[in-house]
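Reader: I've got a two-chain model open and I'd like to learn how to read its interface. Where do we begin?

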Protein chains: 2
Amino acid sequence: MHPVSLDSFTNKYKALVEKRLSEAVGSLETPENLAKAMLYSLEAGGKRIRPLLVFAVIDAFGKNPQNGVDAAAAIEMVHTYSLIHDDLPSMDDDDLRRGKPTNHKVFGEATAILAGDALLTLSFNLLAEIPEESASAHVKLALIKGLSAAAGAHGMVGGQAADMEGEKKKLTLEQLEYIHINKTGKLLEYSILAGAEIAGATAEQKEILSKFAYHIGLAFQIRDDILDLEGSEEEIGKPVGSDTANEKSTYPALLGLAGAKEALDYHLRSAKESLDKSGLEVGLLGQITDLIGLRNH
Amino acid sequence: MHPVSLDSFTNKYKALVEKRLSEAVGSLETPENLAKAMLYSLEAGGKRIRPLLVFAVIDAFGKNPQNGVDAAAAIEMVHTYSLIHDDLPSMDDDDLRRGKPTNHKVFGEATAILAGDALLTLSFNLLAEIPEESASAHVKLALIKGLSAAAGAHGMVGGQAADMEGEKKKLTLEQLEYIHINKTGKLLEYSILAGAEIAGATAEQKEILSKFAYHIGLAFQIRDDILDLEGSEEEIGKPVGSDTANEKSTYPALLGLAGAKEALDYHLRSAKESLDKSGLEVGLLGQITDLIGLRNH
């Protein structure tokens, strides 16, 4: 048994990845304003759920989570760049993110676009430069292939494009799931598979973890949609009800609030069933699953 | 001896890289509009000078240039994404590129931003997926490190950020060279070093080729500035004199037209001297150097 509390694990590894993020940008020779813009969004806080998944998966294999710090930082960079670009006036046009002015509100649109571009580019540098003792050349290439697939046109960017096209249209549940699976699900799944890759998982273990990832990815999004209806602006850091105001297709809009909550329960339950089948030390992953289901921001 | 004409070499390998670019985007499962936007700019033509440098360097080592097709395509994707983002209204706000409407004029700003993001992401996928017979895992990782360094915050993106900050300011020659070395020079240099990496160059050969790259990079930019004064709109595909209208610091503005032409000659001569020292079959590289010095678009 391996009774680590999620709180102490989170504190330790959140600090580790945040240090790595600041160091990676701090060591760049680059115009000061660009570095500031990159750090502004990286240091805006957030749950660091993707890095935590990397670390917790490695831990579930009984390996040292520290081996995942570069991959965790790379994923958080990609996530952060996607928020900066999504918030731009020509995209979602958001003024607030996590209770603070969005990147382009502080640094201007041009610098925000470039800060996003630079974070995406830097993420691949981090993966390619992982020290040999943490990942072999073979593992590093697998991590790079995986990130470029999860983050690109048939992953996160494709999901965002479909989301933009779908705005103000009434979507079917299938179209809505396509958007979420790509826009947020693939990078969450990648976080889990990156941890598995670093820990030396078998193909069978990766497949089980992939299913786990699918279910927590959708649970995460459904919870997001419910929060937009039920949360408080103070807790979620942006105006409540913006989906309804923007006539956005959401789970509650398609399934009703009760139906959305049922779907959330289904995916949380299925995620836990996958964990049970894995034969790994899944205590932390189970707690993260609960966190996703219950989070209020 | 190895008397290939640059024309027949160019025709052959331009076709090869253009086919690879179309295939790579064509095989993505992604929203149709996003794929169209990516292809629109990839297929807008252009000299493909960076891919040609990759192929010509491999050829100079007596190796098969075809081994460079994925690296060449990856570099052209990065170059293309940078043009799409640089043309955006919040950046250079250009309506025309190579005589055609810019990406955001056709597809809108949001899709243009996403198409750029997707091309950058895809470029790393191409490098990570190079077949083993063309590049070992070690070479692939070196290519990925090099691209992420050349294209990111202490390379191309940093140069663009410095360029935006320097707009409408009077720059020193040193500041102007910082911008050009980063904004255009580093990706040109990377094209040459990627070819060298694939061909199995020694550290010493890479150093000589780096110097060659430095000089043709600056020659390229000085020629660009001169063309903005002396070229015709029909030939360069965008309005002539836009630098002067935008009060942009350029080589002719800092050195006078005659001084700029002298600097161009100096860098072309120095580039050729590096080639002479390399001991390689540099016929094609010499012809490309002439082309950069004489090009009228």
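Author: With a definition: a salt bridge is a side-chain nitrogen of Lys or Arg within 4 Å of a carboxyl oxygen of Asp or Glu. Here K145(A) forms one with E129(B), the closest N and O atoms being 3.9 Å apart. This is a predicted model, where local features need pLDDT of at least 70 and side-chain atom pairs count only at pLDDT 80 or more, while totals for chains, interfaces and linings use all residues. Residues are numbered from 1 along each chain as its sequence is written, chains are lettered from A and ligands numbered from 1 in the order in which they are written, and side-chain values use heavy atoms, with hydrogens and water left out.

Reader: How many salt bridges does the rule find across the interface of chain A and chain B?

Author: Two.

Reader: And how do I read the size of an interface?

Author: It's often given as the accessible area lost when the parts come together. Buried area is that loss (1.4 Å probe), summed over both parts. Chain A and chain B bury about 3600 Å² between them, with 73% of it on carbon and sulfur atoms. L114(A), T121(A) and L141(A) supply 16% of the area that chain A buries against chain B, more than any other three residues.

Reader: Is A153(A) buried or exposed?

Author: Buried means under 20% relative accessible area, exposed over 50%, partly exposed in between (1.4 Å probe, protein chains only). A153(A) counts as buried because its relative accessible area is 4%. Its contacts (heavy atoms within 4.5 Å), leaving aside neighbours within four places in sequence, include G158(A), L28(B), P31(B) and A118(B).

Conventions:
Buried area is the accessible area (1.4 Å probe) that two parts lose on being put together, summed over both.
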